[in-house]
Amino acid sequence: MKKDSFLSNTWKHRSHLLMCIPAVLILFLFSYMPIFGLMGAFKDFKTKLGLWNSPWCGFENFKFLIASGSIFKRITLNTLKYYFIFTILGTFLNIVLAISIDQLMFKRLGKVMQSIMIIPVFVSFAAVTFIVNAFLSSGGIVNHIITRFGGESISWYTSPKYWTTILTIVKIWNSVGYGSVLYMSVLAGIDTQLYEAAQIDGANKWQQIWHITIPSLIPMITIMLLLSVGGIMRSDTGLFYQVTRNTGGLYSTTQVIDSYVLHSIKTEPKLGYSMAASLFQSVVGLVLILIANFTVKKISPEDSLF
């Protein structure tokens with residue numbers, strides 16, 4: 001009886017199951033299959049021998065990160081620095097942008113703006129590299145403007161002090177429009193009667209935003225911040241490796257763990273390096289997300305992930 005009930009229920013929801021298949025396959029291929037490759041972090045990988053038959057080497061693959069001393073410290077601090085800058089500034093701008101579009105009187109204009117702002121996320125960083133170069137090259141747009149106003153042109157690709165700001169601008173341009181969509185979906189679900197009641201009580205627009213809109217966004221903000229903590233040690237390789245053109249003179253402010261690993265693999269090809277770095281990043285991310293979720297659960301249990 002139970003078997004028949006299960007089969008009939010499965011057949012009844014067959015369309016939903018079919019829709020789930022692509023997501024399940026992607027999750028399996030990119031989240032579960034790579035788990036078997038973690039042993040490569042502890043092996044001296046040989047292409048001819050394959051992963052299973054390559055000799056074990058203990059923690060030797062981790063030494064290229066840890067034994068580098070000052071380099072490891074620099075790339076770790078850069079990784080954390082950019083994570084906090086991108087997360088704090090990005091979250092703030094996502095919320096501001098979502099609220100601004102939601103409060104527009106002309107809803108059609110809001111939809112057009114939303115569509116335009118999503119476009120940058122589909123532009124690869126390989127293309128962004130050429131755009132940035134057009135602005136920052138010796139004869140680029142920015143230097144042309146500076147010289148027109150009597151200033152001296154700047155050699156951007158040999159001046160690391162400017163690149164924290166440059167990379168932040170590029171990242172915000174690329175991600176904020178898409179990130180605001182999640183918050184707009186929450187705003188669309190807020191009961192309009194709350195705003196109507198606030199208007200009757202004499203609340204102006206700013207008071208409505210502060211007392212109704214922002215509190216409604218807090219659960220989504222908390223979830224997004226918790227999820228982002230898991231990737232605190234990961235960075236966008238395209239941004240830090242391609243946009244900077246992997247220029248050695250900029251490493252002090254632009255090189256992060258991912259771009260360092262990619263550079264190391266290209267100069268000294270060892271697959272075990274990338275596996276060790278990925279395992280290190282994953283373990284740190286897991287520990288941090290558990291700590292963050294535990295903290296949120298103590299303060300506000302309903303906003304925690306689990």
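Q: How much space lies in the largest pocket?
A: Rolling a probe the size of a water molecule over the atoms shows where empty space is left. Here the largest pocket holds about 750 Å³. On a 1 Å grid over the protein atoms alone, a pocket is an open set of points where a 1.4 Å probe fits, with protein on both sides within 12 Å along at least five of seven lines. Its volume is the space filled by probe spheres set on the points, which are joined across faces, edges and corners. This is a predicted model in which local features need pLDDT of at least 70 and side-chain atom pairs count only at pLDDT 80 or more, while totals for chains, interfaces and linings use all residues. Residues are numbered from 1 along each chain as its sequence is written, and side-chain values use heavy atoms, with hydrogens and water left out.

Q: Which residues lie nearest the centre of the largest pocket, and which elements give two or more residues to its lining?
A: The lining has 25 residues, and Phe86, Thr87, Lys171, Ser175 and Ser228 lie nearest the centre. Lining residues have an atom within 4 Å of a point. The elements that contribute two or more residues are α5 (70-102), α9 (163-188) and α11 (205-229). Helix α9 supplies the largest share, nine residues. Helices are DSSP runs (H or I, at least four residues), numbered from the N terminus.

Q: How do the lining residues of the largest pocket divide by type?
A: Eleven are nonpolar, eleven polar and three charged. Ala, Val, Leu, Ile, Met, Phe, Trp, Tyr, Cys and Pro count as nonpolar, Asp, Glu, Lys and Arg as charged, and the others, Gly among them, as polar.

Q: At what angle do α9 and α11 pack?
A: Two packed helices are described by the angle between their axes and the distance between the axes. For α9 and α11 the angle is about 140° and the axes are 10 Å apart. Axes are lines fitted to C-alpha atoms over the stretch in contact, and angles run from 0 to 180 degrees between N-to-C directions. The pair is therefore oblique; angles under 35 degrees count as roughly parallel, over 145 as roughly antiparallel, 65 to 115 as roughly perpendicular and the rest as oblique.

Q: How are α14 and α15 oriented to each other?
A: Helix α14 (residues 257-267) and helix α15 (residues 271-299) pack at about 165°, with axes 10 Å apart, and are therefore roughly antiparallel.

Q: Is Gly90 buried or exposed?
A: Gly90, in helix α5, is buried at a relative accessible area of 8%. Buried means under 20%, exposed over 50% and partly exposed in between, with a 1.4 Å probe and protein chains only. Gly90 and Gly179 are 89 residues apart in sequence, yet 8.1 Å apart in space, C-alpha to C-alpha.

Q: What is phi of Arg245, and what is phi of Asn246?
A: Most residues other than glycine have a negative phi. Phi of Arg245 is near 60°, a positive value, and phi of Asn246 is near 50°, also positive. Arg245 is partly exposed at 46% relative accessibility, whereas Asn246 is buried at 18%.
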